[in-house]
Amino acid sequence: MRVNPKTTQRIAKVLIWSSAVLVIVILLNIVFYILIKGIPQINWQFLTEIPRNMGRSGGISSTIVGTLLLTLVAVVIATPFGIGTAFYLTEYTREGRITRIIRFSAESLAGIPSIVYGLFGYIFFVTYLKLGWSVLSGGLTVAIMILPTIIRTSEESIRAVPHLYREVVFSLGGSKWQTITKAVFPSALPGIANGIILSIGRCVAETAAVILTAGSALRMPSSLLSPTRTMAVHFYILAREGISMEKAFGTAALLIILIFLINVVFNMLVNRYVAKGR
Amino acid sequence: MMKFMILTYKRIRISAIAIVLVLALTMGSLSGCSQKSRTGIIVAGSTSVQPYAEIVAEEYMILHPDTEIDIQGGGSATGITAAQSGVADIGMSSRSLKDEEKGLWYVEIARDGLAVIVNPANPVQDLTLDQVRGIYAETITTWKEVGGSNSKIHVIAREEGSGTRSAFTDLVMGKTTEITPRAIVQDSNGAVRQLVADDPNAIGFISLGLVNDKVKALELGGIEATRENVENGSYKLSRPFLFVSLSEPTGQTKEFVDFILSADGQKILMNEGLIPSSKGAGK
Amino acid sequence: MKNTKERLSERVFLAIALSTLSVLALITVFIIAKGVPIIAKVGVLNFVFGMKWAPSQGSFGIFPMIVGSVSVTLGAAILGVPIAICCSIFLAEFAPVKLRNIFRPAIQLLAGIPSVVYGFWGVIFIVPFIRNYLGGPGLSILAGSIILAIMILPTVISITEVSILALPRYYKEGALALGLTHWQTIRSLLLPAAKSGIVAAVILGIGRAIGETMAVIMVLGNAVALPTSILDPVRTLTTNIGIEMGYASGEHQEALFATGIVLLVIIMILNAAAQYIVRRKRSR
């Protein structure tokens, strides 16, 4: 019995639209649930006071600072190394077995669960290098985690720059360095920025690696060697231990808003560069 | 092509040596500067002790604004090894030290009861120690067998590095019986309490000081789980909260330890539901 | 003629690349060095296929955890991939431009939600639902699979959508001109043509699912025994490390690193498979 293709078309259409609707419903459920319960918690006091009584009262200012500091450390360390490596791999070497092996290693390392990085960070940075639970330990560990992503996205963007651009600079008598600075880098910048912003999002949301290396102390970090609790870790502890559901929701809401803002900034940047005319 | 390979190889070798030297220098200076510039006290370990240590530390830092105390979780095992390796100035433990750990300096800052909790909707009020052991060993599998409804018992335990779990195994399971591998494992007292509060068929063990009205603490052999009963010894499940250190504390660390052992410090702990320590110190 | 600036910049880039690679190598070497002794001591077969994980008694078998990882990931794939493919088709073929500009950022937002928030949401909504309507403690393989399915959606959707969009227009136009319906075109032509991209997307999604820790540690129950049904609590390779990392000493710690090695091997196999598929497609 042949089913009418028009019927299958209609059924397929229903299924596909339902999937899309289902996904939106799930997203809204998660996001709205957190935002509705969490936004009322966010007020000036919440943002400027440090947690007291294990987080039952006070605010989350130290965790906000901790998150920002840790992300800053990670990005500042990882970006030059990531971009530099990407440039070296694309501009200064020929495609061969070595570059393939390097790329494969970077991909595999990108796939290692963050908890394994956390374990490594705890043993190497916290214990062996005696950095202790600190912003630095956490930042270094997360820097290593985001390195493969930055390398990969930078490499892809650099590759996407048309050869023509480089040839123009060469034909005008420029050196390799000048092709990179004047032609390739500006062109690849949106893609590179994409990778960095993706990584920033990851830093902010990362929990497993951070809790093992930056610790879970509640005070405002006074230096790079102070332990700190990031917002994601704070949320995890509050929610897990049932210490304060209200504060947990507030922290989660702030996290989601922060990540949302990062995404919006990225999209704006991309649109601006695309509109600039390439 | 060969020339390129040779040149590249030479370049790589020189650069590689340079890299290794630079990295080694960086690592060395990083670890060196960390030793010098770290002020303040790091306290790490048992998640059971952590909330109480935090409250005392908060009070202490109000009285001594120049001291920085950072309290860290991770579990009793982490606390003890962190104290041993020097990563933490004080390690927190919610169980007594094992033989191989006895070389460390330690002091008991309080005693804590171990409560066996069930959901408030659970009709069971009282169990014997043998029954609890049977439940955790999975020789007793339904609530009906101990006077409750006909449903499967959901057994909840803590994780392997937990002092609370060690204390429970020592006090309830004994040397020969194991907690069933099918037990659900959660990594903090609070998480266990949440779970038992949500699941009518769950049973778990947590710090006595953390029992709230969302869960019910069982009587053991007719003895109610109250602080008084732990103090007078009739409620058998209790464990020491220890501060552990590589060697006897000096300076800021010593002052903090003295504070927590002082009348003021002990009063804070008592207000939170702990039993004052018998001040058993040792090395 | 290379001037000094030129040579210097090349050396600097080389230095940067080498340091990066040496750090990445350091991690791999570290994990392997820490984990291999215990595997050697216990024996590879005993470690990977051992049924009992009880480090305090010297048992280091991770098979229950492997089963945990596999079942949760498989469940996530079964639940998530069909929905993801449907959504990609939606984005590529069915959605009007305005909806597309809403749906795509929505997927991005889904990708940005921290895993701990997913876990929390799972504990509040999914676990009680399973406990009350399906039985068991609620903390189960099923709960983990549902959460992971949602979490891998963005990965699978974005890569699949790209693969479908990358197909030449004339594929679709030719088919429609021949009188096939939209769905027939998709099913018989576009999807098979995008197959390698879809497979790569699924493999990457699976890789993400296997590596997830925080979301699942809250909903899986972390029981150490071999599961017998999807309603049983279970432990994955990653949550095993996560929940026992407090035991930071001696053989136990080495065993956790050994678990890390197993994870590394699994990820490498998955990556190799994905790369192979992509390369095969390119050479066509």
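How many residues of domain 1 of chain B are in contact with how many residues of domain 2 of chain B? The first view answers this. The model is predicted.

**View 1. The two domains of chain B meet.** Chain B is divided into domain 1, covering 2-111 + 240-282, and domain 2, covering 113-232. In this view, 15 residues of domain 1 of chain B are in contact with 14 residues of domain 2 of chain B. Helix α3 of chain B, residues 76-85, gives the largest share of the domain 1 side, with three residues. By class, that side of domain 1 of chain B has three nonpolar, nine polar and three charged residues.

**View 2. Helix α4 of chain B has buried residues.** Helix α4(B) runs over residues 129-137. Which of its residues are buried? They are B:Q131, B:V132, B:I135 and B:Y136. These residues cover an arc of only 130° around the axis, so they lie on the same side of α4(B). What do the buried residues of α4(B) pack against? The partners in chain B are the strands β4 (105-118), β5 (126-127), β6 (154-158) and β8 (202-207), together with helix α5 (163-173). Just after α4(B) comes B:E138, with a positive phi of about 70°.

**View 3. B:S188 sits in a loop of chain B.** The loop in question lies between β7 (184-186) and α6 of chain B. Is B:S188 buried or exposed? B:S188 has 24 C-beta neighbours inside 10 Å. The cut-off for a buried residue is 20 or more, so B:S188 counts as buried. B:T81 is 107 residues from B:S188 along the chain. The C-alpha atoms of B:S188 and B:T81 are separated by 19 Å.

**View 4. Chain B touches chain A.** This contact takes 24 residues from chain B and 21 residues from chain A. Four elements of chain B each supply at least two residues of the side that touches chain A: α1 (2-37), α2 (50-63), β2 (69-74) and α6 (189-198). Which element gives the largest share of this side of chain B? That element is α1(B), with six residues. The side of chain B that touches chain A divides into eight nonpolar, 10 polar and six charged residues.

**View 5. Chain C touches chain A.** Here 59 residues of chain C are in contact with 64 residues of chain A. The largest share of the chain C side, 16 residues, comes from α1(C). How does the side of chain C that touches chain A divide by class? There are 39 nonpolar, 17 polar and three charged residues.

**View 6. Chain C is built from helices and two strands.** Chain C holds 12 helices and two strands. Along the sequence, the pattern of chain C is α-α-β-β-α-α-α-α-α-α-α-α-α-α. The C-alpha trace of chain C spans about 75 × 70 × 30 Å along its principal axes. Chain C has 284 residues, and 55% of them count as buried. Take the contacts in chain C between residues at least 6 apart in sequence: 73% of these join residues at least 24 apart.

View 7. The domain assignment of chain C gives domain 1 (2-49) and domain 2 (63-283). How many Å apart do their C-alpha centres lie? The C-alpha centres of these domains of chain C lie 28 Å apart. The contact takes 10 residues from domain 1 of chain C and 10 residues from domain 2 of chain C. On the domain 1 side, α1 (4-42) and α2 (44-49) of chain C each supply at least two residues. Helix α1(C) gives the most to this side, with seven residues. The residues of this side of domain 1 of chain C divide into eight nonpolar, one polar and one charged.

**View 8. The two domains of chain A meet.** Chain A is divided into domain 1 (5-41) and domain 2 (44-275). The centres of these domains of chain A, taken over C-alpha atoms, are separated by 30 Å. Their contact takes seven residues from domain 1 of chain A and eight residues from domain 2 of chain A. By class, the domain 1 side in chain A has four nonpolar, two polar and one charged residues.

How values were computed:
Residues numbered from 1 in each chain as written. Chains lettered and ligands numbered in written order. Predicted model: local features only at pLDDT ≥ 70, side-chain atom pairs only at ≥ 80, totals over all residues. Nonpolar A, V, L, I, M, F, W, Y, C, P; charged D, E, K, R; others polar. Domains from an automatic or database assignment. Buried ≥ 20, exposed ≤ 12 C-beta atoms within 10 Å, placed from the backbone. Arc of directions from axis to C-beta.
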